[in-house]
Amino acid sequence: MFRKTSIISTLGPATFSYEAISDLIDAGVNVFRMNMSHAQHDKCRELVQWIREISENKNKHTAILFDLQGPSIRTGDLEAPYELNTGDKFEIRRQSADATIPFSTTVNYEGMMDDVEAGATLVVDNGTMLMRIEEKHDDRLICEVLTPGSIGNRRHINLPGTRLNLPALTEKDHKDLALAVECGADYIAGSFVRDAAHVVELRSEMEKLGGSADIVSKIEDQEAIKNIDDIILASDIIMIARGDLGIEVHVEELPIIQRRITKRCHALGRRVIVATHMLESMITNPTPTRAEVTDVSNAVFEEADAIMLSGETATGDYPTRCVETFDRIARRIEQSGSIGNGALAELETDKQKVILAATKLVDSLPNAELVVFTRRGVMAVQAALLRPNAPIHAFAPDAATCRRLALGRGIEPYTLPFSDAPIETINSAVDYLKENNSIKPGTPLVVLSDTLNKDKKLDSILVIYA
Ligand SMILES: Nc1ncnc2c1ncn2[C@@H]1O[C@H](COP(=O)(O)OP(=O)(O)O)[C@@H](O)[C@H]1O
Ligand SMILES: C=C(OP(=O)(O)O)C(=O)O
């Protein structure tokens with residue numbers, strides 16, 4: 001049986017090769033993430049071409065997620081990392097200003113000096129360092145280092161509780177969005193999404209450029225949590241971006257927030273990703289800590305659609321082992337049962353209720369599996385959101401739809417041309433599954449389809465035996 005939980009892997013210098021990408025796909029990656037805070041455009045173009053080529057050769061539907069930087073503050077590039085000690089002075093300056101002290105870096109947000117006050121605490125690099133602003137000038141801030149650490153390129157700065165006057169989509173985001181559309185991104189993520197309007201703007205800008213990716217909203221601060229239902233409804237997928245979220249809220253709230261958001265996603269019918277620090281120690285170690293294994297297990301138990309690797313595969317020493325570790329934990333936990341959030345789904349349409357009936361039927365027949373025919377992917381995603389125990393084999397006529405199903409719990413996507421005679425399509429699908437050893441002969445199959453009548457779509461449920 002295939003793994004239900006999808007695996008997302010961030011690409012970075014540790015995995016910028018044809019072989020590394022091929023190994024990651026073999027180990028089980030379903031979606032590759034380009035973090036646009038770091039990625040160069042030409043590099044992205046090359047990586048996308050490699051991913052498409054390798055996936056096609058392996059007959060896999062590996063998808064690509066472009067993660068926009070959004071309204072966040074990042075330090076500039078340095079020739080070499082600074083090693084900072086407690087009490088050192090650190091300067092953060094506008095691009096146009098010259099350094100006035102030895103430890104100095106630029107910042108991507110010119111308005112930062114206007115938004116902050118002296119005395120405020122800065123959290124640098126997802127919480128690895130703290131600094132206090134001592135002096136505020138028009139073009140620079142002088143900070144005192146409160147906790148020692150190393151600072152490299154494009155480190156993230158958080159100002160918990162401070163609202164930045166950055167737009168939802170920055171100039172950089174617009175350029176990166178155009179690249180994402182040019183590259184045929186399957187998913188596009190907005191960072192620091194604060195309200196539904198942000199999601200609507202991102203989707204409409206993407207559509208103006210001709211894109212049709214699924215929109216992922218990254219939940220990273222208190223304001224997003226306040227507006228969570230509206231954001232979920234405006235999005236296709238939610239990412240619980242725990243790196244920033246864990247700084248913007250008290251860290252002990254994080255597990256509660258994670259559980260609440262996954263439940264709301266299940267209730268409102270949207271997919272959900274749990275991200276960041278899942279196997280952080282494996283950046284330098286070949287095995288995970290027990291706490292990390294338990295954290296990954298928890299996300300799988302909570303029925304996340306996907307779990308994500310960031311630094312672990314972007315800069316870590318053991319990228320493939322991290323994916324193998326995710327794979328092993330996910331498969332084991334999926335066998336042992338899960339939270340049962342499918343029951344929370346709030347269903348409104350007749351179509352949703354037909355899908356519910358099919359998921360109940362398939363789980364009531366011993367060893368049965370679900371086969372879904374889906375043109376845009378909606379039917380398969382909705383079936384997955386009801387979290388049946390049975391695996392979902394989803395057939396779609398085009399590869400782009402299959403890639404948008406790569407991120408969905410319990411879905412295995414396949415391309416198949418749909419014939420005018422629906423029964424022929426069903427027979428070809430079953431033959432394909434048997435030939436590929438995806439199902440055993442005789443397996444009961446619950447077939448969910450809307451292809452039964454050419455002129456008029458009819459939602460139907462059939463039971464057949466492979
Ligand atoms: N495309 C890239 N080019 C260079 N370095 C990258 C790239 N993507 C990621 N990285 C590196 O991997 C680290 C971890 O990735 P990620 O967690 O996505 O970034 P961050 O925590 O900075 O948002 C980054 O801090 C950066 O140093
Ligand atoms: C996924 C996250 O975003 P980024 O890596 O862009 O900081 C996060 O903050 O958890």
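Modeller: Here we go through the surroundings of each ligand in turn, and keep in mind that this is a predicted model.

Biologist: Start with ligand 1. Which residues come nearest?

Modeller: Arg33, Asn35, His38, Arg74 and Arg155 come nearest, out of 17 residues around ligand 1.

Biologist: What polar side-chain atoms lie by an oxygen atom of ligand 1?

Modeller: His38 has one at 2.8 Å. Arg155 has one at 2.7 Å. The protein covers 81% of the 530 Å² of accessible area that ligand 1 has on its own.

Biologist: Which elements give two or more residues to that shell?

Modeller: Strand S2 (31-35) and helix H11 (311-314).

Biologist: And which domains does the shell draw at least three residues from?

Modeller: Domain 1 (6-71 + 170-334) and domain 2 (73-158) each give at least three.

Biologist: OK, ligand 2 now. Which residues are closest?

Modeller: Arg33, Lys218, Gly243, Asp244 and Thr276, from 13 that surround ligand 2.

Biologist: How far is the polar side-chain atom of Thr276 from an oxygen atom of ligand 2?

Modeller: That distance is 2.5 Å. Taken alone, ligand 2 exposes 290 Å², and the protein buries 92% of that.

Biologist: Which elements give two or more residues to this shell?

Modeller: S2, strand S15 (237-241) and helix H8 (242-248). H8 gives the largest share, 3 residues.

Biologist: How do the residues around ligand 2 divide?

Modeller: There are 3 nonpolar, 4 polar and 6 charged.

Note on methods: Residues numbered from 1 in each chain as written. Chains lettered and ligands numbered in written order. Predicted model: local features only at pLDDT ≥ 70, side-chain atom pairs only at ≥ 80, totals over all residues. Heavy atoms only, no water. Near = heavy atom within 4 Å. Polar contact = N/O pair within 3.5 Å; in protein donor to acceptor, adjacent residues only side chain to side chain. Areas by Shrake-Rupley, 256 points an atom, 1.4 Å probe, with all protein chains shown as cover. Helix = DSSP H or I, 4+ residues; strand = E, 2+ residues; numbered from the N terminus. Domains from an automatic or database assignment. Nonpolar A, V, L, I, M, F, W, Y, C, P; charged D, E, K, R; others polar.
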